[in-house]
Structures are given as structure tokens and as C-alpha cells.
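This report goes through the contacts between the parts of a modelled assembly. It starts with a single pair of side chains and then turns to the surfaces around such pairs.

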Amino acid sequence: MNAPVDYLLHLADNALILGQRNAEWCGHGPILEEDIALSNNSLDLIGQARMLYQHAAAQIGKGATEDTLAYFRDVPDFRNYTLCELPHMPLMAATSAGDRDFAMTIVRNFLYSSLMVLVWDQLQNSKDAQLAAIAAKSLKEARYHLRHSRDWLVRLGDGTEVSHAKVQAALDQLLPYTQEFWSTSPQESAALANGTGIDMAALQADWNQIVDEALQEATLQRPAAGGFVPTGKQGIHSEHLGFVLAEMQSLARQHPGATW
Amino acid sequence: MTTTLTAAEQAWQLLEGLSDPEIPVITLRELGILRDVREGAAGLEVVITPTYSGCPAMGQIEDDVKAALATAGLQATVVTQLAPAWTTDWMTDAAREKLRAYGIAPPHACASEKPGAANVVQFAARGAKPEAVHCPQCGSANTTETSHFGSTACKALYRCLDCMEPFDYFKPY
């Protein structure tokens, strides 16, 4: 039994796009250790994406490979959460690298890894044996990403006035995007129906607990979520994904088949 | 008397001593990366498993395997197998001792992990006390984590508060 291709792409695109985003810190980390940490986080995420793309490509056939899926699809084909594609900047102030905000990075990684520890744990029981194997590997990495981002969330939240304000602002901006986790998409419904996917709504209580415990320890206030629910996983993205793809795909598109 | 080895047996002999490209003090077999050598339908198959999903050494490992076999004129397909997921629990005691002697604190066990303890595979709840990581230089348990991530995906950076030496800790995974 194989998971629907679109479902595999949803999981893979989340990992690839967040991995690409976190890699923007490579060479620009606030301290050397965090530069290394975020690059390692990216390495894990891109590794997860590769395994999922390979699995999807085998089902698609017709010459599809992990590379064609990563580099030769366009914005509407991507199935990632909008949360994963947002820039590291608060409130779209600017697009220059100097405005990269570490608090945004940490809050996003925390919100996402809090979800993925639950998702990968459940997907270990997927009827898609290869997806279950990928989940078992990815779970270990997601737990470590959660540990890393949660430590920083607490350190910044329960830190100085400035760090607290920055991380609270990042939380206020990013938390509403997590509503997308609980909305349903056709690929998630299809995967749930054939036993290869999971019921996302059933994870919400556990996710809330992970998040609320950490926010309390970090002395942060959970903002109200409501209103607009993002639709990235259905291919309707924010304006930011196009820029991510332009940078990520340009080399492969200018030099198709290039190797080194 | 001479014994004729099968291609798989010969391949095992060649691959047995192959070391990890990033931690040359231990072999791929001791690390648990080299899983199996077998006769497949299309010839010899060498089964390897990745450590971390994005471990950049996997390509090098595949090349090393092929190069080692080529010295005896053998050819093989390298098969990557994910399940069961690689764990540091597969590392032998001898391999752990080699790591320690090399200056890397070996990983704690994952499978026998006490509830609430902090490590890679078991997320630590608030107030959980992580197991002490002993300094590979002086043996002291008085050490502190400097960074969650170290020089390779599989290691974290620690510092000994007694002998003051920084060192790598092979994370339980």
C-alpha cells in the first residue's frame, strides 16, 4: 500500500521549504554554535525531504526523481504549510538579510517540530511501509529539533526584556498560521481513508499541551488564533514561496542535469 | 588446503575493515551502517543504512564500499535500507571504547532509557535530569553541554568543568 503522491509531497515540501529557509542562516548565525545548529537542522529536514521525494518519484514514474520534484515544480504544485515558507523577518518589514530575526526562526521551528514529533510518531504505523520507515527515522530528528528550539524559546522568553518582546512578537505573528495544521486537505483525507495517513485533528490536544507547557515556562502569552486560515498545503501560497523557489531552483534550471 | 570463498564472503572480508569517513577510528560495521552483504537477483548487494536522514557522508560511504570491492574485482549494488531505523544502540562495547579513546564520549543507551531522562530519542519534560556525560579525557561527570550540535550531525559539543577540555558527545539516536 502506498500513500497518495500528493500526501508524500505535502510532507516532503514542508521539510524541504523549512530546510531551505533555515539554511539561510548558514554563515549568518547569531553565534557559531547556532550557525552550526541551524545548518544541521536543515540537513536533517532536507534529508527527510529527499527520502519522501524518492518514494513519491518511484510511484510517479515517467522520469520523476527527487531532483525533478524539488527543482522543477512551481508554486501551485507545492503542498507545504504556509508557516514553513515565511521569511525570518517580523511583519514583512523588509527583505534584506540584515533583518533576519532569530526569534522568528526559533518560534517557527518550535511550532513545527512540536507538530512533527506527533505526526512522525503516528506515521510509524502507516500502511505504507516505506513511509513508516521514513517516519521512524524522522521522529528521532524531530524530537531533537524540538529540544533545541524549545530550549531557545524558554531562554529567550524568560530572558531579557528585549528577547522576551521579540519572541512574543514572533509568536503573535506565527501562531495564527498553525491553524492550517488542523484544516483538512484532499491529500490528507485520501491518505487517512486508505490507512497510510493520520487524523490530524486528533493530534491537536497533544500539540496544545506541548506548546502551552513550553509557553508557560518561557513566560509567554499565547495569542488568540482565528480569522484567516492559510492554504499552503492546497497549493495556494503566500507571496514568499516564489522567492524561496527562485533562489533554490535557479541553479538546477540554468544547468539541468549538472553534477559535480 | 585452500578454501574457495563465495563472492559475498569475500566482500565481507573486504568491507569489514572499512572505516567511517568522518570518524575513522570505528568501522562501518561497528557503527551499524553496514547491514548486510548478499547475493541478489542482479548480483552482489551491499545493504547500508543512513545514520541521520541528511548525513552527508552517505555518498562517500557508497563510493568507499564500491572502491574496496573493486580492489578484488568485485562489483555490487549498494542498497539503502531504512527500516529498522539506525540506532546508536547497535554500537558494540568495543566500538564505544574506541570512541572514548579517540576523544568522543560514546552515546548512552536509547532502548534502556529511563523515563523522563533527556536525550535525542526521548524528549525531556521540564525538570528532567539528563544522564551525566563523562569526559573522555579525564572521566569526570562534571560536564556541561555547550551546543546541541557539533562537528557532524551525530555529535553534540560538551565541555569538561574539571579538566576544562571541550569534547564531542556521540548523541544517542
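## Interfaces and salt bridges

B:Glu145 and A:Arg147 form a salt bridge, with 3.3 Å between the closest N and O atoms. The model is predicted. One salt bridge is found across the interface of chain B and chain A, and the rule also finds 10 residue pairs in polar contact there, both residues at pLDDT 80 or more. Strand S5 of chain B, residues 143-147, gives the most to the side of chain B that touches chain A, namely three residues. By class, that side of chain B has 14 nonpolar, 10 polar and three charged residues.

The contact between the two chains takes 27 residues from chain B and 25 residues from chain A. The size of an interface is often stated as the accessible area lost when the parts come together. For chain B and chain A the buried area is about 2,500 Å², and carbon and sulfur atoms give 63% of it.

Eight residues of domain 1 of chain B and 12 residues of domain 2 of chain B take part in the contact. Between them the two domains of chain B bury about 970 Å², with 73% of this on carbon and sulfur atoms. On the domain 1 side of chain B, the residues that lose the most area to domain 2 are B:Ile23, B:Glu30 and B:Tyr52, which together account for 50% of what that side buries.

Which residue does B:Glu30 meet in a salt bridge? The partner is B:Lys98, at 2.7 Å from N to O. The count between domain 1 and domain 2 of chain B is one salt bridge. One residue pair in polar contact is found across this domain interface, again with both residues at pLDDT 80 or more. The side of domain 1 of chain B that touches domain 2 has six nonpolar, no polar and two charged residues.

Over all chains, a search of the whole structure finds 15 salt bridges. Among them is the pair A:Arg253 and A:Asp74, whose closest N and O atoms are 3.1 Å apart. Side chains of opposite charge can pair when their charged atoms come close. The table lists the named pairs.

| Salt bridge | N to O distance |
|---|---|
| B:Glu30 and B:Lys98 | 2.7 Å |
| A:Arg253 and A:Asp74 | 3.1 Å |
| B:Glu145 and A:Arg147 | 3.3 Å |

Some backbone and record details remain. An unreviewed UniProt entry places the feature "domain: MIP18 family-like" at residues 9-71 of chain B. Over residues 9-71 of chain B, the chain is 40% helix and 21% strand, with the end C-alpha atoms 15 Å apart. B:Ala83 and B:Pro84 are joined by a cis peptide bond with omega of about -10°. B:Pro84 is in the loop between strand S3 (77-80) and helix H4 (93-102) of chain B. In chain A, A:Lys62 has a positive phi, near 50°, in a residue other than glycine. A:Lys62 lies in the loop that runs between helix H2 (32-60) and helix H3 (66-71) of chain A.

Conventions
Residues are numbered from 1 along each chain as its sequence is written. Chains are lettered from A and ligands numbered from 1 in the order in which they are written. This is a predicted model: local features need pLDDT of at least 70, side-chain atom pairs count only at pLDDT 80 or more; totals for chains, interfaces and linings use all residues. Side-chain values use heavy atoms; hydrogens and water are left out. Contact means heavy atoms within 4.5 Å. Buried area is the accessible area (1.4 Å probe) that two parts lose on being put together, summed over both. A salt bridge is a side-chain nitrogen of Lys or Arg within 4 Å of a carboxyl oxygen of Asp or Glu. A polar contact is a pair of N or O atoms within 3.5 Å; within protein, one must be able to donate a hydrogen and the other to accept it, and residues adjacent in sequence count only if both atoms are side-chain atoms. Ala, Val, Leu, Ile, Met, Phe, Trp, Tyr, Cys and Pro count as nonpolar, Asp, Glu, Lys and Arg as charged, and the others, Gly among them, as polar. Helices (H or I, at least four residues) and strands (E, at least two) are DSSP runs, numbered from the N terminus. UniProt positions are given in the numbering used here, feature names are shortened, and annotations may be inferred rather than shown by experiment.
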